[in-house]
Amino acid sequence: MARKFNFSAGPAMLPTAVIERAQQEMLDWNDSGMSVMEMSHRGKEYMSIAAKAEKDLREVMAIPDNYKVLFLQGGASSQFAMIPLNLMGDKTSADYINTGMWSKKAIAEAKRYITVNIAADTSEGGFTSVPTQAELKLNSDAAYVHYTPNETIGGVEFDYIPETNGVPLIADMSSTILSRPIDVSKFGMIYAGAQKNIGPAGLTIVIIRDDLLGTASASCPTMFNYSTHAENDSMYNTPATYSWYMAGLVFEWIKEQGGLEGMAEVNKRKADKLYAAIDATDFYGSPVAINGRSWMNVPFTLADAGLDAEFLKGAAERGLVTLKGHRSVGGMRASIYNAMPEEGVDALVAFMQEFASKQG
Ligand code: PMP
């Protein structure tokens with residue numbers, strides 16, 4: 001059976017090589033006589049799997065030693081509450097940059113715990129651009145600055161890292177982590193749900209600078225306290241063992257592809273090809289400002305939305321699936337994460353050209 005090119009925003013494609021490796025190891029991991037799913041998280045086999053995954057992620061992202069890497073559950077959505085609960089310290093407010101649906105959710109949740117200053121807001125333009133550094137109204141007294149470097153629904157990605165003058169910068173990297181090299185030292189904390197560029201759903205990765213630990217509010221639940229997990233190597237309770245193992249296989253795969261430099265090279269090429277196809281004809285349009293165009297999530301529209309259903313049907317017949325745009329945006333959205341092969345993008349571009357010329 002041929003695997004489809006799945007353009008889903010998440011859960012998304014995983015590298016075929018990773019799934020094959022998991023398949024080989026499914027019944028009996030490394031002569032342990034059991035599946036990884038069946039192992040005690042405190043046994044030496046599983047501990048070795050967990051430690052290797054962390055080591056490889058540290059290597060791939062060049063994470064400095066003064067950062068902890070946590071393997072949590074609850075999705076990126078739980079972080080929306082955990083961030084203010086852990087990081088407000090003795091401050092009363094935090095700055096949030098509002099660039100789309102996911103920023104909005106983070107803001108709504110933070111407001112339950114802290115005063116939120118909106119440092120910039122692109123909602124008036126329909127969340128189709130990125131504010132410039134000069135447009136950010138940052139407070140030197142903020143507990144932290146939160147932003148979403150890549151908005152998965154709008155397909156809007158920052159082309160720079162905001163300068164916050166010493167205030168910890170917190171980034172929801174759910175849909176951009178591991179897509180290109182980043183300087184981790186510029187961030188107080190990075191977090192991401194796994195189900196796009198990391199592995200299967202059920203795992204949430206938090207990368208947090210040491211000095212931001214230990215300041216959680218007294219009412220912060222134990223399980224929501226980053227220190228709990230940092231002090232227990234993310235094994236305070238039972239972690240998402242299988243997702244963590246799969247993430248480890250993905251990190252190994254990334255190393256084999258030339259690390260994040262290698263990923264970035266292919267990702268840029270894939271995105272360039274797709275945007276070029278969109279821009280080549282009035283038949284297609286991109287709602288996003290050029291400097292805010294995401295490498296990972298590419299929304300596009302057909303000039304005649306009446307043809308959307310036919311487009312989706314024709315694409316599906318060619319094995320190009322899950323291209324329907326988010327219900328709030330309409331049109332199409334092609335998510336082209338690390339595991340989407342370049343041939344998948346080539347096949348989509350060929351179909352787009354064929355479909356447009358047939359209609360034209
Ligand atoms: N933030 C971003 C940028 C996302 O794309 C998503 C999921 N699509 C979330 C947060 C929510 O993640 P989760 O479903 O893991 O809670």
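This is a predicted model: local features need pLDDT of at least 70, side-chain atom pairs count only at pLDDT 80 or more; totals for chains, interfaces and linings use all residues.
Local features required pLDDT of at least 70 and side-chain atom pairs pLDDT 80 or more, while totals for chains, interfaces and linings use all residues. Residues are numbered from 1 along each chain as its sequence is written.

The UniProt record, an unreviewed entry, annotates residues 5-348 as "domain: Aminotransferase class V". UniProt positions follow the numbering used here, feature names are shortened, and annotations may be inferred rather than shown by experiment. The span is 32% helix and 17% strand. Its end C-alpha atoms lie 9 Å apart. Helices (H or I, at least four residues) and strands (E, at least two) are DSSP runs, numbered from the N terminus.

The chain is divided into domain 1 (18-256) and domain 2 (258-359). These bounds come from an automatic or database domain assignment. The C-alpha centres of the two domains lie 27 Å apart. Domain 1 and domain 2 each bring 24 residues to the contact. Two residues are in contact if their C-beta atoms, placed from the backbone, lie within 7 Å. On the domain 1 side, helix 2 (44-61), strand 7 (156-157) and helix 6 each supply at least two residues. That side has nine nonpolar, 10 polar and five charged residues. Ala, Val, Leu, Ile, Met, Phe, Trp, Tyr, Cys and Pro count as nonpolar, Asp, Glu, Lys and Arg as charged, and the others, Gly among them, as polar.

The ligand is surrounded by Gly 10, Gly 75, Ala 76, Ser 77, Trp 102, Thr 148, Thr 152, Asp 172, Ser 174, Ser 175 and Gly 193. By class, the shell has two nonpolar, eight polar and one charged residues. Helix 3 (residues 75-87) gives the most, with three residues.

Gly 10 also takes part in a cis peptide bond, to Pro 11, with omega near -10 degrees. Pro 11 is found in the loop between strand 1 (5-6) and helix 1 (16-25).

Two non-glycine residues with positive phi were examined. Phi of Phe 127 is near 55 degrees. Phe 127 sits in the loop between strand 4 (115-121) and strand 5 (145-147). Phe 127 counts as buried because 25 C-beta neighbours lie inside 10 Å. Asp 233 has a phi of about 50 degrees. Its loop joins helix 5 (226-231) and helix 6 (241-256). Asp 233 is partly exposed, with 16 other C-beta atoms within 10 Å. A residue is buried if 20 or more other C-beta atoms, placed from the backbone, lie within 10 Å of its own, exposed if 12 or fewer, and partly exposed in between.

How values were computed:
A residue is near a molecule or strand if its C-beta atom, placed from the backbone, lies within 6 Å of it.
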